[in-house]
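Dear colleague,

Please find below the structure that I am handing over to you. My findings follow directly after it, and I would be grateful if you could read them with the model open.

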Amino acid sequence: MIDVDAHAPEREIIARAAEILKNGGLVAFPTETVYGLGADALNAQAVLKIFETKGRPAWNPVIAHVASINAARELTTAWTDNAEKLGSAFWPGPLTLVLPKRDIVPDVVTAGLVAVGIRVPSHPVALALITALNRPIAAPSANRFTELSPTTAAHVQNSLGDRVDLILNGGPCDVGIESTVIDLTSDVPTLLRPGAISREQLMRVLGGEVRIAPHDTDTEGEARLSPGRTERHYAPRADTWLFDADDVATIVRATGEFRTRNSSASLAALVLDWSLPLDSEVHAIRMPRDPLAYARALYATLHQLDAEGYSVIAIQRPPRSDAWAGVHDRLERATH
Ligand code: TXA
Ligand code: MG
C-alpha cells in the first residue's frame with residue numbers, strides 16, 4: 001500500500017502503478033464511488049486474475065473505466081444519442097453506461113455478454129492511472145465477492161491483502177456507494193443499479209422514461225439479463241436488520257429477545273431519529289439525513305461496526321423518495 005495525493009497524484013507513483021497494469025498485474029485504486037480492483041481491460045489474462053482474486057463468479061461482468069467520451073466510443077459499436085446525452089451530463093462521474101461492445105473488449109470483461117459497462121470516473125488518481133496506461137482499466141469494487149465494497153484503502157487491505165500487487169491509498173471515497181448503472185441497449189433505458197445519480201436526474205437529461213430492472217434472484221451459472229444483481233451483496237458480517245421508525249417497538253422487542261438468547265451479543269443501530277426509544281445498551285449511531293451524505297458514510301460505518309465485532313446492526317429505513325434509491329438498494333442487499 002502506498003499513499004498518493006488524491007488531488008495531485010504524484011507522477012512517479014502513477015507510473016509505477018501503470019507499469020504493474022501493463023505487465024498484467026492488479027492495482028487497487030480510489031475512485032469517487034468506491035475503491036476499484038484494476039487490470040488492463042484489453043488483457044484477458046489480467047482480467048481473469050480479477051475474478052480469481054475476488055472469488056467473483058464468471059457470470060458477473062466488470063466495468064471498463066476510460067478517461068473520456070472519445071475513449072468510451074472506442075469500446076462500443078453504438079454510441080447513441082442517449083449515450084452522448086448521459087456522457088456529457090454526468091461524466092466524469094458515478095454513472096456506468098451499458099452499451100454494445102466492440103470486438104477489442106475481451107469476453108471475460110463482459111462475462112460473455114454482448115454489451116460492456118463503461119464509466120469515466122472523476123477521481124484524479126483513477127483518471128491519471130487510466131491516462132498513464134493509455135488503455136481502459138477493468139475494475140470491479142476491490143473486495144471479496146459478496147463483501148462490503150471498500151471506501152478506504154484499509155478496507156481493501158483487510159479484504160484482499162497481498163493478493164493485490166499494489167494498493168494506492170488516496171483517502172476515503174467521496175460518493176461512498178457504487179455507480180448508477182443504466183442499460184442503453186434496450187428500447188427503453190433500464191436502470192440496473194441505482195446510485196448517487198438518481199433515476200429522476202437520468203430521465204431529465206434523457207427527456208424520456210427510464211425503466212427499473214426487476215430484481216432477479218440468484219440463479220448461479222445461468223446467463224442473466226442484469227447480472228450482478230445477486231440478492232445478498234454488499235453485506236457486512238454482522239446480522240443486519242432493517243426497521244421502520246413507526247415500528248420501533250418491534251426492534252426493541254427483537255433486540256431484547258436477541259440479548260436474552262445471546263447474553264454476550266453486542267448490538268448497534270444506525271438511526272436517523274435520535275429520539276427512538278432504543279435499549280440503552282444498543283450502540284446507536286446517528287446517520288446523516290441527506291441521502292448523499294448518508295451514502296458517503298454508509299459502508300465506512302458498516303466496516304467499522306464489523307471491525308468492532310457487533311453481532312447485530314439494526315438500521316432505520318430511510319425515506320422512500322427517489323433520491324434515496326441507491327441507499328435503499330444497498331440496505332436491502334445488506335439485510336437480505
Ligand atoms: O462505482 C463503481 O461502479 C465501482 C467503481 C470501481 O467504478 N465499480 C463497481 O464494480 O461497483 P462492480 O463490478 O462491483 O459492479 C459492477 C456492476 C455489476 O452489478 C455488474 O453486473 C454491472 O455493473 N455490469 C457491468 N458490466 C455490465 C454489462 N456489460 N451488462 C450489465 N451489467 C453490467
Ligand atoms: Mg462490487
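Strand β5 (residues 95-100) pairs with strand β9 (residues 180-183) in the parallel sense, through four bridges. Within this pairing, T96 has V181 of β9 as its bridge partner. β5 also pairs with strand β6 (residues 115-119), here in the antiparallel sense and again over four bridges; L97 stands opposite I118 of β6. Five of the six residues of β5 are buried, so that the strand is mostly covered. Please bear in mind throughout that this is a predicted model.

These pairings belong to a wider arrangement. Eleven strands make up an open sheet with mixed pairing, and their order is β1-β8-β2-β3-β7-β4-β6-β5-β9-β10-β11. The edges are formed by β1 (2-3) and β11 (211-212); each has a single partner strand, so one side of each is left without a neighbour in the sheet. I2 is placed opposite L168 in β8. Helix α1 (residues 11-22) packs on the sheet, where it touches β1, β2 (27-29), β3 (36-40), β7 (137-138) and β8, and its direction makes about 150 degrees with that of β8.

Helix α1 has a helical neighbour as well. Two packed helices are described by the angle between their axes and the distance between the axes. The axes of α1 and helix α6 (residues 124-133) come within 9 Å and cross at roughly 55 degrees, which makes α1 oblique to α6. The crossing is right-handed. On the α1 side the contact involves I14, A17, A18, L21 and K22, which meet V125, A128, L129, A132 and L133 in α6. Of the residues in this contact, nine are nonpolar, none is polar and one is charged.

How many of the ten residues of α11 are buried? Eight of them are, so this helix is largely enclosed by the rest of the structure. The buried residues are G326, V327, H328, D329, R330, L331, R333 and A334. They pack against β10 (190-193), β12 (239-243), α10 (291-307) and β15.

A323 lies in the loop that runs between β15 (312-316) and α11 (325-334). Its relative accessible area is 46%, so A323 counts as partly exposed. A323 and D290 are 33 residues apart in sequence, and their C-alpha atoms are 9.1 Å apart in space.

V108 is part of helix α5 (residues 107-110). With a relative accessibility of 19%, V108 counts as buried, because the cut-off for that class is under 20%. Beyond its neighbours within four places in sequence, V108 is in contact with A44, V47, L48 and F51. For L48, which is 60 residues away along the chain, the C-alpha separation from V108 is 6.8 Å.

T151 is located in the loop between β7 and α7 (153-160). Is T151 buried or exposed? At 3% relative accessibility, T151 counts as buried. Its contacts, leaving aside neighbours within four places in sequence, are T33, V34, Y35, G171, P172, C173, G176, Y299 and A300.

With kind regards

Terms used: Residues are numbered from 1 along each chain as its sequence is written. Chains are lettered from A and ligands numbered from 1 in the order in which they are written. This is a predicted model: local features need pLDDT of at least 70, side-chain atom pairs count only at pLDDT 80 or more; totals for chains, interfaces and linings use all residues. Side-chain values use heavy atoms; hydrogens and water are left out. Helices (H or I, at least four residues) and strands (E, at least two) are DSSP runs, numbered from the N terminus. Buried means under 20% relative accessible area, exposed over 50%, partly exposed in between (1.4 Å probe, protein chains only). Contact means heavy atoms within 4.5 Å. Two strands pair if DSSP finds at least two bridges between them. Axes are lines fitted to C-alpha atoms, for helices over the stretch in contact, and angles run from 0 to 180 degrees between N-to-C directions. Angles under 35 degrees count as roughly parallel, over 145 as roughly antiparallel, 65 to 115 as roughly perpendicular and the rest as oblique. A crossing is left-handed if the near helix is turned anticlockwise from the far one by less than a right angle, and right-handed if clockwise. Ala, Val, Leu, Ile, Met, Phe, Trp, Tyr, Cys and Pro count as nonpolar, Asp, Glu, Lys and Arg as charged, and the others, Gly among them, as polar.
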